[in-house]
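Here is a short briefing for a first look at this structure. Keep the sequence and the 3D view at hand while reading.

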Amino acid sequence: MIPDQIADHRAQIIAMLRSGKMIHIGGRPVIVPEPRKPVNSQDRGHAIELALAFVAIYVIWGSTYLAIRYAVETIPPLVAAGIRHSIAGGIMLTWAWWRGFRPTRPQWVAGIALGALFFLIGHGSLHWAEQYVGSGLAALLIATEPMFILVLGWMIGQQKISLLSALGLGLGVVGVAMLTGAELTVKGSSLWGLLAVLLGSLSWSLGVVISPRLKLPSDALGRTALPTICGAAMLLIAAGVTGEFRETHWSSITLRSVFGLGYLITLGSVVAFTAYTWLLQRVPPALVATHTYANPVVAVILGWLLAREALTLRLVLASVAILGAIVLIRRGERATAKLPGIVPAIAEIETSEECA
C-alpha cells in the first residue's frame, strides 16, 4: 500500500471503532456498528401533552377569575354561576354516564353535600364578590384555602400543626391583613366582598375536609360531575329565590359577559378539569398541586394587564406572603404525615383544590 492508502485505511478503522463495538466471531474480531436510536415520537408527543395540560391548569384556571369579573358585569352572579355549572356539570355527567358511570343514592347525597359547600357557597360567594373585588385580589384570597383546611383538620383531630405549618399560618394571616387593608383604602372597595371571598374559601375547605367521610364515586369524572350538577341546581334555585332571574335584563347582556361565561363553561370547567384529572393519573399529585402557586400570579397579572387592576407594592408583598405561607404549610404537613395515626389534610388538598 502506498502511504496515502494506508492513512485512509487507518482512518476508516478508527471511524468504525468509534461508531461501533468489537465482538469476536469464530475467533476473529468483528466491528458491529451501534444502531442509531430513532427519535421516539411517542415520548415527544407525551411531553407535549404534559406541557399543554400544565398550561391549562396554570393559565386557564388562573384566568377564570378575570372571566368571572367579565361575566358578572351584566349577568347576575348566581345566574351566571348556575348556568355555568349546569352546562359544565351536565357535560361531565353525560360523559361519565357514557363511560358506564351509574351514581347510587349515597353518592347523590354526597354530591348534594359537596355541591352546597363547593358551588352554592364557595363559587356563589366568589361570583357575587367579584362585583366589588378585583379578580387578582379574589384569587389571592382564595389561595388561603390550605390555611383553612389545616385549621379545620386540627379542630377535628385529623391534623397536627407543626412548627412550619404554624409559621405558615402566621405568614398567611399577615398577607390577608395586608390585602384587606389595601383594598379598604381604594374607592369603591367592599369589605363585604372581601368577606364573601373568604367565606367561599372556608366553605370549599370544609368540603375538602369532610369529603373523605362521604360516599363519593371512585370514578374521577363522576366524583366531580355529581357535586357540580347538584351545586348548579342549588345555585339556580337560589337565583330564583333572591329574584335574580327577575332582575336579569337579557337584552342588556354584553358580548364581553357572554364571552366570559362561555370561557368559564368550556375552558374553565371542562377543558381545564379534564387536563387536571388526566395529569393526576400520570404525574405525582404534589406536582399537579403546584397550580395553587401559579393561579393567583396569573390572575393578578391578567387583572393588571387587561382590567387595569392596581398592582401595588403592598399587593406584591401580600402575594409573596400568602404563597410563602402555602409553601410552609405544605412542608409542615408532609412532616406530620410521618406521625402514626395522623392522616394529613395535605393528601386532600393535592387532589381537591379549589379553582375558580
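Start with Gln281, which counts as exposed at 59% relative accessibility. The model shown here is predicted. Gln281 sits in the loop between H11 and helix H12 (285-288). Its C-alpha atom is separated by 9.8 Å from that of Ala220, although the two residues are 61 apart along the chain.

**Overall make-up**

- The protein has 15 helices and 2 strands.
- Of its 356 residues, 48% are buried.
- Take the contacts in the protein with a separation of 6 or more: residues 24 or more positions apart account for 85% of them.

**Salt bridges**

- Side chains of opposite charge can pair when their charged atoms come close.
- How many salt bridges does the count come to? The count comes to 3.

**Arg69 and Glu309**

- Arg69 forms a salt bridge with Glu309, and their closest N and O atoms are 2.6 Å apart.
- Arg69 lies in helix H2 (residues 41-71), while Glu309 lies in the loop between helix H13 (291-306) and helix H14 (313-336), so the pair ties together parts 240 residues apart in sequence.
- Is Glu309 buried or exposed? Glu309 is buried, because its relative accessible area is 12% and the cut-off for buried is under 20%.
- Arg69 is partly exposed, with a relative accessible area of 24%.

**Arg256 and Glu73**

- A second salt bridge joins the side chains of Arg256 and Glu73, at 2.7 Å from N to O.
- This pair also links distant parts of the chain, 183 residues apart. Arg256 is in helix H11 (residues 255-280), and Glu73 is in the loop between H2 and helix H3 (77-98).
- Arg256 counts as partly exposed at 42% relative accessibility.
- Glu73 is partly exposed too, with a relative accessible area of 37%.

**Arg99 and Asp219**

- Arg99 and Asp219 meet through their side chains in a salt bridge of 3.4 Å, N to O.
- Where do the two residues lie? Arg99 is in the loop between H3 and helix H4 (105-129). Asp219 is in the loop between helix H8 (191-210) and helix H9 (220-241).
- The pair links distant parts of the chain, 120 residues apart.
- Arg99 counts as partly exposed, at 47% relative accessibility.
- Asp219 is partly exposed, with a relative accessible area of 22%.

**Helices H5 and H13**

- Two packed helices are described by the angle between their axes and the distance between the axes.
- The axes of helix H5 (residues 135-142) and H13 come within 7 Å and cross at roughly 165°.
- H5 is therefore roughly antiparallel to H13, as angles over 145 degrees count as roughly antiparallel.
- The crossing of H5 and H13 is left-handed.
- Which residues make the contact? From H5 come Ser135, Gly136, Ala139 and Leu140. From H13 come Pro296, Ala299, Val300 and Gly303.
- By class, the contact of H5 with H13 has 5 nonpolar and 3 polar residues, and no charged ones.

Technical notes: Residues numbered from 1 in each chain as written. Predicted model: local features only at pLDDT ≥ 70, side-chain atom pairs only at ≥ 80, totals over all residues. Heavy atoms only, no water. Salt bridge = Lys/Arg side-chain N within 4 Å of Asp/Glu carboxyl O. Helix = DSSP H or I, 4+ residues; strand = E, 2+ residues; numbered from the N terminus. Buried < 20%, exposed > 50% of the residue type's maximum accessible area, 1.4 Å probe, protein only. Axes fitted to C-alpha atoms, helices over the stretch in contact; angles between N-to-C directions. Parallel < 35°, antiparallel > 145°, perpendicular 65-115°, else oblique. Left-handed = near helix turned anticlockwise from the far one by under 90°. Contact = heavy atoms within 4.5 Å. Nonpolar A, V, L, I, M, F, W, Y, C, P; charged D, E, K, R; others polar.
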